[in-house]
Amino acid sequence: MGATEPLWISEYRFRQGRAVRCRTILELSGSLHMLKGGTSSLLKCFLASTAIIGVSATNVHASNADILFILDGSGSMWGQIDKVAKITTAKETLTKLVDDVPDGARVGLMTYGTQSKESCVDFQTLNEVGASAKAIKESIAGIKPLGKTPMGMSLSVGIASLSKTEPQDRQKAVVLISDGIETCNSDPCTSAAMSQHLGIDMKVHVVGFDVDAEAKAQLQCIANAGGGQYFNADDTEGFTKAMRDVVEVAQAPVVAAPVAEPEPAPKNVEPVITEYFREDFDGETLGEDFIISNENPDNYIIENGVLTMLSTSKGGFGVEEPENLLTYTGKLPKGNWDAVLVFKGDYSSVSDRLSFGFRKDKDNYLTGVFGHNFTSGCHRAYLQNLKNQKGKLDKNTLLYRATNGLDCYPQPRINWESDWTAIQADLQKMNVVLTVSKRGRSYTTAVVLDGFMDADGNPYVVKTEQFTALRAPGDLSFTVDKPLNGDGEVLMEIESFAIHEVKSAAN
């Protein structure tokens, strides 16, 4: 790897309690080896001056777009606006749009919530992209709202399907039309973000129809994460305009940015990283730089250089008193730093996780989370960055490794793996290195599995988007726990806790 690539993490690993330092420097190019949900450039486009609804296709420029509509078929779409059911307005408007699709454009249709009142896997592709207008209009006419709102899974399947349409260089857009919030415990923002890591031109646009503030915030999040735009509609007239605008944006050509001459690579830009503090749990009790809150001595033990923690508690940093919350009471470097936790887990329940970051109370924290969960046939190890400020929670979730269940789509940057047992075995024998980094007033979380490589033979690293905090919300802490809906016991073995001071080479 070239010397000009950014250095972003350095860790000292200790084995079996012995003071044998093994410094690993991972030099990674973010564009090749980091998965960053929702960080692609915003769609640069121009809007055609001709309206699409009510104008014949012969008066509209030819298009090179594949557009997949996902129409909300949940029960709430029977609600009325202007004395007309929202589903009726949506179906009539979408039917007109299909009639007036420009030459060259190809359209497909998905829906969800139309088959069952309770199912969270109730989504279906009614028409593949490229179907005839007649077939799509027949499908639209048959949609009858009934059940839940599994937006996350619908987006995942839709994005995966759209990514496979040929030719690959066609402009692709998912257009989600919804009147409410996700109701199936999925994360639609994460699903939308995956569209930006498939190596193709794809955007996720969203139309919100008669939504409250909570739903609007989530729908805007989906559009932002998918590199697209959000269109809000409060009434029938607004919905018609929003649908016209979203289709114009979905098919508008992308304006290429001018190519600038590359600047010479800067010299001596690698930071100087030095160890500031380390705890290797070599004794039989916690060191003087740690305190433990809400202590349950039956659920942790220090022996043979390992802190073993067992937990059946739920909620992590977000509950009133997390069980066995370990807090670092020493000083932190004044400038930039990395806090690094090295551990292994058993990962035998359906929801194991370790939370590591700053905590003041249940409504104020900034933390990184590495965990495992199982849903919809998908086992997945994931990374999160959570920021809760006065009870308002923001989060960034990324897949690390996963099997091929429905809720795993679309793919992470590594290939799907067929067997969770093999992934679990790696997690049990290889150290997880979880790093919380401060750069200025920004905080990020990164994870690497010591010894697990990507297809190019480089360490496979996932790093979250940054959150900004003017001051740290509490003290640096960690705990082992489960989500509120998790079951079973969680077992983690923490080998070391370290803080690295990071200074520029010029200092």
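These legends walk you through several close-up views of a predicted model.

The model is predicted, so local features need pLDDT of at least 70 and side-chain atom pairs count only at pLDDT 80 or more, while totals for chains, interfaces and linings use all residues. Residues are numbered from 1 along each chain as its sequence is written, and side-chain values use heavy atoms, with hydrogens and water left out.

**View 1. Lys 86 and its two aspartate partners.** Start with salt bridges, each a side-chain nitrogen of Lys or Arg within 4 Å of a carboxyl oxygen of Asp or Glu. The whole structure holds 16 of them. One joins the side chains of Asp 179 and Lys 86, at 2.8 Å from N to O. Asp 179 sits in the loop between strand E8 (171–178) and helix H5 (188–193), whereas Lys 86 belongs to helix H2 (residues 86–99), so this pair links distant parts of the chain, 93 residues apart. Helices (H or I, at least four residues) and strands (E, at least two) are DSSP runs, numbered from the N terminus. Lys 86 also meets the side chain of Asp 210 in a salt bridge (3.4 Å, N to O). Because Asp 210 lies in the loop between strand E9 (202–209) and helix H6 (213–225), this second pair ties together parts that are 124 residues apart in sequence. Buried means under 20% relative accessible area, exposed over 50%, and partly exposed in between (1.4 Å probe, protein chains only). Lys 86 is buried at 5%, and Asp 179 is buried too, but Asp 210 is partly exposed at 31%.

**View 2. Asp 66 in a salt-bridge network.** Here Asp 66, Arg 106, Arg 170 and Lys 172 are linked by salt bridges into a network. You will find Asp 66 in strand E3 (residues 65–72), buried at 0% relative accessibility. Its side chain also makes a polar contact with that of Thr 165, at 3.2 Å. A polar contact is a pair of N or O atoms within 3.5 Å; within protein, one must be able to donate a hydrogen and the other to accept it, and residues adjacent in sequence count only if both atoms are side-chain atoms. Other residues touched by Asp 66 include Val 129, Leu 162 and Ala 173, contact being heavy atoms within 4.5 Å.

**View 3. The Arg 278 and Glu 275 pair.** In this salt bridge the closest N and O atoms are 3.0 Å apart. Arg 278 is buried, with a relative accessible area of 15%, while Glu 275 is partly exposed at 35%.

View 4. Look around Phe 343 for contacts including Leu 354, Phe 370, Met 430 and Ile 494.

View 5. In H3 (residues 133–142), the buried residues are Ile 136, Ser 139 and Ile 140. They share one side of H3 because they cover an arc of only 100° around the axis, taken from the directions from the helix axis to the C-beta atoms. These buried residues pack against H2, strand E6 (106–112) and strand E7 (123–127). On the other side of H3, Lys 134 and Ala 141 are exposed.

Notes
Lists of a residue's contacts leave out its neighbours within four places in sequence.
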